[in-house]
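This briefing covers one protein chain and the packing inside it. Look at the sequence and the model first; the notes follow by topic.

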Amino acid sequence: MDEINNIEVVPCTESDYLKPFRVHYNQNGTKKSWDFMRTHDSVSVLIFNTTSHCFVLVKQFRPAVYMSEWERTKTQPCQPAEKTEDGASEAVASGSESREERADAEGGSSSAWPPAATGITYELCAGLVDKPDLSLEEIARQEVLEECGYDVPASKLKRITSYRSGVGVTGSKQTMFYAEVSDDNCVSAGGGEPREGELIEVVKVPLHEAMTFAYNERIPKTMGVIFSFIWFHNNMSPKYKISTNV
């Protein structure tokens, strides 16, 4: 997961997942336009292991996050030089030369790219709604099995809520479920479906560390993780009479 190389950014002219459009419309007498992406709706699942009292998340490399961070950092100006004890100026630890200059000096462009960890995020188990013959619960069940290795009947999935995500770009709907599992439900190591390009690491977050994890800005995570942990604290913690460290 940590080895990312041979990066090449090219125009996306065709995709099975994203289709760009521009809509023109009038709103209160004013003519407007808006660019948006048509994409699939999705499901996500908050998984709680009742044997070990921990949440089960997935950790994976997200190219969109990686490229967003690269775009953000490459436009930042170089840090100013600082004085040493003898009065001479020297570069700060990151170097006063640009990323491009460092890449040229090393004979390649790979040094201009940030480490792979920049694009790794912690997320709820989730998947696209792209199987019209299956219910949302059945799609969620498949994702839990493929990504996290737990075999949970669809009837045991509790619907938490649904909401719109990426409203400025996609407006797609995600439906969130809650699933309680035990070690007895674990039938594989999970890890996703390699044929679909998935490379997923299963991560367990102890219940008593959950809210600290949620609010730690140094841990890259989705809003779904934060919201679902808060939901659990408000709705399920009294059942287990366990503190979520809020």
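Phe 232 counts as buried because its relative accessibility is 0%, where the limit for that class is under 20%. The model is predicted, and the points below start from this residue and its surroundings before turning to other sites and to the chain as a whole.

**Phe 232 and aromatic pairs**
- The whole structure contains 12 aromatic pairs.
- One of them joins Tyr 178 and Phe 232 in a tilted arrangement, with 6.0 Å from centre to centre and 55° between the planes.
- This pair connects distant parts of the chain, since Tyr 178 belongs to strand β10 and Phe 232 to helix α5, 54 residues apart.
- Tyr 178 is also buried, because its relative accessible area is 3%.
- Another tilted pair is formed by Phe 61 and Tyr 66, at 5.4 Å between centres and 55° between planes.
- Tyr 66 has a relative accessible area of 3% and is therefore buried.
- Ring pairs also build a cluster that consists of Phe 48, Phe 55, Tyr 122, Tyr 178, Phe 213, Phe 229, Trp 231 and Phe 232.

**Nonpolar cores**
- The largest nonpolar core comprises 23 residues, and Leu 46, Phe 55, Tyr 178, Phe 213, Phe 229 and Phe 232 have the most contacts inside it.
- Two or more residues of this core come from each of β3 (42–49), β4 (54–61), β10 (172–181), β11 (201–206), α4 (210–215) and α5 (223–235).
- Helix α5 makes the biggest contribution to this core, with five residues.
- Another core lies apart from it and has 17 residues, including Val 45, Val 56, Val 152 and Phe 177.

**Around Phe 213**
- Beyond four places in sequence, Phe 213 is in contact with Leu 57, Tyr 122, Val 205, Ile 219, Lys 221, Val 225 and Phe 229.
- Among these contacts, Lys 221 sits over the face of the Phe 213 ring, 5.7 Å from the ring centre.

**Thr 121**
- Thr 121 is part of strand β7, which spans residues 120–123.
- Its relative accessibility is 8%, so Thr 121 is classed as buried.
- The side chain of Thr 121 makes a polar contact of 2.6 Å with the side chain of Glu 123.
- Setting aside neighbours within four places in sequence, Thr 121 touches Val 58, Lys 59, Gln 60, Arg 62, Val 65 and Pro 220.

**Lys 158**
- Lys 158 is located in strand β9, residues 158–165.
- With a relative accessible area of 43%, Lys 158 is partly exposed, because that class lies between the 20% and 50% limits.
- Its contacts, leaving out residues up to four places away in sequence, are Met 176, Phe 177, Tyr 178 and Trp 231.
- Lys 158 and Glu 137 are 21 residues apart along the chain, and 8.7 Å separates their C-alpha atoms.

**The chain as a whole**
- Six helices and 11 strands are present in the chain.
- Of the 246 residues, 33% are buried.
- Among contacts in the chain with a separation of 6 or more, 65% are between residues 24 or more positions apart.

Terms used
Residues numbered from 1 in each chain as written. Predicted model: local features only at pLDDT ≥ 70, side-chain atom pairs only at ≥ 80, totals over all residues. Heavy atoms only, no water. Helix = DSSP H or I, 4+ residues; strand = E, 2+ residues; numbered from the N terminus. Buried < 20%, exposed > 50% of the residue type's maximum accessible area, 1.4 Å probe, protein only. Contact = heavy atoms within 4.5 Å. Core = buried A, V, L, I, M, F, W, Y, C linked by side-chain atoms within 4.5 Å. Polar contact = N/O pair within 3.5 Å; in protein donor to acceptor, adjacent residues only side chain to side chain. Phe/Tyr/Trp six-rings, centres within 6.5 Å; stacked < 30°, edge-to-face > 60°. Lys NZ or Arg CZ within 6 Å of the ring centre and 35° of its normal.
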